[in-house]
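Dear colleague,

Here is the structure I said I would pass on. My notes follow below it, grouped by topic.

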Amino acid sequence: MSGTGELDVIVIGGGIGGLAAAAFLRRAGRRVAVYEQASRITAVGAGLVVSPNAARLLRRIGVMDALAGVAVALRTGWEFRRWEDGSVLFSQEMGAACRALYGEDSWVVHRADLLAALQAAAGPDALRLGMRCTGVEQRADGALATFADGSTAAAPVLVGADGAHSVVASALGLTAEPVFAGMCAYRALVPADAAPELARRPVHSLWLGPGKHLVHYPVSAGTQINLVAITHQARWQAESWSAEGSVADLAAEFAGWDPRLTELIRAAPAPGRWGLFERDPLTRWVDGRVGLLGDAAHPMFPFLGQGAAQAVEDAAALARHLLAAGDDAEAGLRGYQSARLDRATRVQTESRTRGRLNDLPDGPEQRARDEHFATLSPLQHSGWIYGHDAEAPLAHEHR
């Protein structure tokens with residue numbers, strides 16, 4: 001790839017996807033700069049899952065080693081519990097069984113810890129803060145980004161990793177209209193010493209009930225419990241990750257549920273609260289020398305715990321295909337899109353379906369769902385997600 005100026009790739013957006021892209025591209029020998037509009041990296045978003053399909057990739061660039069001591073390896077993943085009494089409906093025993101099948105544990109981690117590890121892997125000079133992108137222009141030999149301070153940056157490739165409200169996607173005309181999904185989410189970090197023992201276990205627990213569900217798992221070396229509750233609501237004004245909720249409202253939503261769960265809720269500080277919006281999947285992510293990645297390409301509901309993992313897969317595949325394409329950057333981006341679009345779209349679509357199944361009212365459909373859980377092979381049931389390797393050899397490398 002022949003450089004324009006000093007950079008090979010510009011990445012817009014310094015979240016998980018953008019920093020992961022920089023880290024994988026750096027490993028591939030590319031000169032990368034990540035432009036992030038925030039003046040500092042914050043902890044918005046709290047906990048997240050690093051499932052085996054992402055953990056394997058992150059270990060190859062040193063990120064999992066950097067997370068040693070703060071990430072929590074799950075002993076049990078997707079432990080589904082019934083709302084009223086906590087009875088276990090389904091669970092994935094992780095640990096040795098997960099490593100034997102997929103070569104890696106499944107982890108839970110604070111978003112801030114993962115961002116710090118990715119920033120280190122991207123290199124000391126990759127991240128440029130306080131740079132709000134206002135426009136993108138295609139050129140014959142690359143792309144030009146314009147920023148709010150009047151400055152510009154150019155490179156042979158530009159990647160939009162700037163989230164669901166992507167400026168880059170808008171510039172390409174690659175956007176889908178957000179529609180409120182009738183759901184809102186509460187998120188909080190509960191001090192572990194104030195939480196019931198059930199919540200302190202290295203377990204990804206999901207409580208299912210009529211019209212709502214709640215997830216919890218430990219992060220930050222087990223010192224905090226990440227709590228996310230999904231409830232239904234008729235209206236919502238804005239799509240935001242930072243609106244405030246109240247413990248009283250959250251507790252009222254889950255009144256009558258298992259006392260251990262309501263104890264966890266009462267121990268929470270003031271939660272964040274935001275509406276969930278859905279978008280139809282995009283049919284393409286690439287235009288010439290510009291491509292999309294992560295939530296800019298495939299914003300998805302959190303119901304499969306794959307948002308961060310799919311952004312990491314994107315990043316690894318992007319670097320892989322740009323490296324294989326050499327100086328033909330457009331071919332590299334097309335190869336990236338071909339490798340990723342169908343898979344990410346499937347995850348995006350099935351995340352939407354899972355949300356509906358999680359919140360079934362008690363009755364015949366709910367009982368059929370719960371009975372179906374007993375027929376599944378828990379770890380192999382997720383094999384299509386956990387077993388995928390975004391850095392698998394390209395077809396021409398088998399020749």
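**Cavity and pocket**

The count of cavities of 30 Å³ or more comes to 1. Please keep in mind that the model is a predicted one. The largest cavity holds about 70 Å³ of space. Its lining is made up of 13 residues, and those nearest the centre are Val-49, Trp-78, Ser-106, His-204 and Tyr-386. Sorted by class, the lining of the largest cavity has 7 polar and 6 nonpolar residues, with no charged ones.

The second largest pocket has a volume of about 430 Å³. It is lined by 22 residues, with Arg-354, Leu-357, Phe-373, Leu-376 and His-381 closest to its centre. By class, the lining of the second largest pocket divides into 12 nonpolar, 6 polar and 4 charged residues.

**Arg-343**

What does its side chain contact? There is a polar contact at 2.8 Å between the side chains of Arg-343 and Glu-313. The Arg-343 side chain also reaches a backbone atom, the oxygen of Ile-385, at 3.0 Å.

**The sheet E9-E10-E11**

An open sheet is formed by 3 strands in the order E9-E10-E11, with antiparallel pairing. Strand E9 (133-139) and strand E11 (152-155) are the edge strands, each of them pairing on one side only. On average, neighbouring strands of this sheet are turned by 20° against each other, with direction ignored.

Two of the facing positions can be named: Gln-138 stands opposite Ala-143 in E10, and Arg-139 stands opposite Gly-142 in E10.

**Strand E13**

How many of the 13 residues of strand E13 (residues 179-191) are buried? The number is 10, so the strand is largely enclosed by the rest of the structure.

Strand E13 pairs with strand E17 (residues 272-278) through 7 bridges, and these two strands run antiparallel. Within that pairing, Val-179 has Glu-278 in E17 as its bridge partner. Strand E13 also pairs with strand E16 (residues 224-232), in the antiparallel sense and over 9 bridges. There, the bridge partner of Met-183 is His-232 in E16. As a general point, side chains in a regular strand alternate between the two faces of the sheet.

**In short**

For a look at the open space, start from the second largest pocket, at about 430 Å³, and then turn to the largest cavity, at about 70 Å³. For the side-chain contacts, look at Arg-343 with Glu-313 and with the backbone oxygen of Ile-385.

Regards

Notes: Residues numbered from 1 in each chain as written. Predicted model: local features only at pLDDT ≥ 70, side-chain atom pairs only at ≥ 80, totals over all residues. Heavy atoms only, no water. 1 Å grid on protein atoms, 1.4 Å probe; cavity = no way out; pocket = protein on both sides within 12 Å on 5 of 7 lines; lining within 4 Å. Points joined across faces, edges and corners; volume = space filled by probe spheres on them. Nonpolar A, V, L, I, M, F, W, Y, C, P; charged D, E, K, R; others polar. Pairing = 2+ DSSP bridges. Helix = DSSP H or I, 4+ residues; strand = E, 2+ residues; numbered from the N terminus. Axes fitted to C-alpha atoms, helices over the stretch in contact; angles between N-to-C directions. Buried < 20%, exposed > 50% of the residue type's maximum accessible area, 1.4 Å probe, protein only. Polar contact = N/O pair within 3.5 Å; in protein donor to acceptor, adjacent residues only side chain to side chain.
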